[in-house]
Amino acid sequence: MQIDRLSLRGFRNYEDAQAQFVPGVNLLVGGNANGKTNLLEAVSYLSTGRSFRTRREAELIRFGADFAELRAQVQSQERTRELRAVLFTGRRPRQLWLAGVRQRSRAALSGVLTSVLFCPEDLMILKKGAAGRRRLMDGVICQLRPNYEAALAEYGRLLDQKSALLRERYDNPSLLQVLPEYDLRMAQTGALVISYRARYVKALAQEAARYHREFSGDSETLELTYRTVSTVTDPFAPPETLCAQLQEHQRSHARAELESAQCLSGPHKDDFEAVINGLPVAQFASQGQTRTAVISLKLAERALLRQGTGETPVLLLDDVLSELDAGRQDFVLNQLREGQVFITCCETDRLTSLGQVLSIRSGTIGGAQ
Ligand SMILES: Nc1ncnc2c1ncn2[C@@H]1O[C@H](COP(=O)(O)OP(=O)(O)OP(=O)(O)O)[C@@H](O)[C@H]1O
């Protein structure tokens, strides 16, 4: 899987820029605030149909412009196709195009340009709340298993509806009659969600542990443990067993749910815990250790996607080397030999030999040097 060409019009600080990429490493080199991360964001947007930095798409459009257009020629699934996204100011919805055909949703782009991104904000995945960790788990399983995406979407819908029902029960007490039906469907769908997550986190944990051990020169072990609803004794149990255990949890929380008017029971609160050398990353890991663990997770994600799809995802690395000692930097650089990679850096000394250098200056992309 690779991007051959990219063209940006009115995207962030790019007025009108084009670039050609090589199949291996593409180094985006430039001083601060010149547009390196913006370029990664553009590639990531074409891959996922969303920005990794903002939910407000208007921010992506160059100040003063009416629209932004992103185009890329992509090789994947044994074809060469054009991906195009057009974003508008105001209320007009954005457009996604594949091979000249307008697509209804971002889901239609699945598998066309798969990417794995590391950006400095990802360091918070292991330090802050569980939502980021759930996004990481769910993101990869969705890319590998369309059935999971459907189950997760169904669970989300049920959760929203049950939450609304709990909130509105005083105004409309008859709503409570349908609560048992919601509980049953949430337990059934929740059991599927847990099954997938348990298997995926196990696979992710094995790969990430392998990378982390090598990354740290054999001095650290990284363990990931999936955490779900407390009544679930074995997340690998058959879905019928999981469903019964989820119902047990619902029963024990029924009163609290009514009192708090919140949905307290179910895998929407799932998490995974990361531990290095026996100590939880969230409380005890150093900056370098945290970075090592997150990069290991991302490399594990790339390996799982490669195993699952037969194609190596494009790797997008923003400011990946800082805070790492020389040995750990060398480990990262060694991982760049496979697949197409975009990596940002401010200076080139150590890196120029790795691949094509593209100099990024005030929203322009200089050719190969
Ligand atoms: N919608 C926009 N229109 C015009 N310029 C924008 C827009 N959004 C962001 N910018 C500008 O883009 C620049 C930031 O670019 P980017 O984040 O890609 O920098 P960078 O090269 O990665 O820098 P650093 O090395 O500091 O991380 C800023 O100067 C910012 O003002």
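The centres of domain 1 and domain 2, taken over C-alpha atoms, sit 30 Å apart. This is a predicted model, so local features need pLDDT of at least 70 and side-chain atom pairs count only at pLDDT 80 or more, while totals for chains, interfaces and linings use all residues. Residues are numbered from 1 along each chain as its sequence is written.

Where do the two domains lie in the chain? Domain 1 takes in 1-114 + 311-369, and domain 2 covers 126-308; these bounds come from an automatic or database domain assignment. Between them, 15 residues of domain 1 are in contact with 13 residues of domain 2 (in contact: C-beta atoms, placed from the backbone, within 7 Å). Helices here are DSSP runs of H or I with at least four residues, and strands are runs of E with at least two, numbered from the N terminus. Sorted by class, that side of domain 1 has six nonpolar, five polar and four charged residues. Nonpolar means Ala, Val, Leu, Ile, Met, Phe, Trp, Tyr, Cys and Pro; charged means Asp, Glu, Lys and Arg; the others, Gly among them, count as polar.

What about the inside? The largest nonpolar core has 92 residues (a set of buried Ala, Val, Leu, Ile, Met, Phe, Trp, Tyr and Cys residues joined through C-beta atoms within 7 Å). Buried means that 20 or more other C-beta atoms lie within 10 Å of a residue's own, with C-beta atoms placed from the backbone. Among the residues with the most contacts inside the core are Ala 42, Val 43 and Leu 46. Setting aside neighbours within four places in sequence, Val 43 touches Ile 3, Leu 6, Ser 115, Val 314, Leu 316 and Phe 342.

The ligand has 16 residues around it, and the closest are Asn 13, Asn 32, Lys 36, Thr 37 and Asn 38 (a residue counts if its C-beta atom, placed from the backbone, lies within 6 Å). Helix 1 (residues 36-48) gives the most to this shell, with three residues. The shell's make-up is eight polar, four nonpolar and four charged residues.

Finally, three strands form an open antiparallel sheet in the order 9-10-11 (strands pair if DSSP finds at least two bridges between them). Strand 9 (222-227) and strand 11 (279-280) are the edges, each pairing on one side only.

Note on methods. Contact = placed C-beta atoms within 7 Å. Buried ≥ 20, exposed ≤ 12 C-beta atoms within 10 Å, placed from the backbone.
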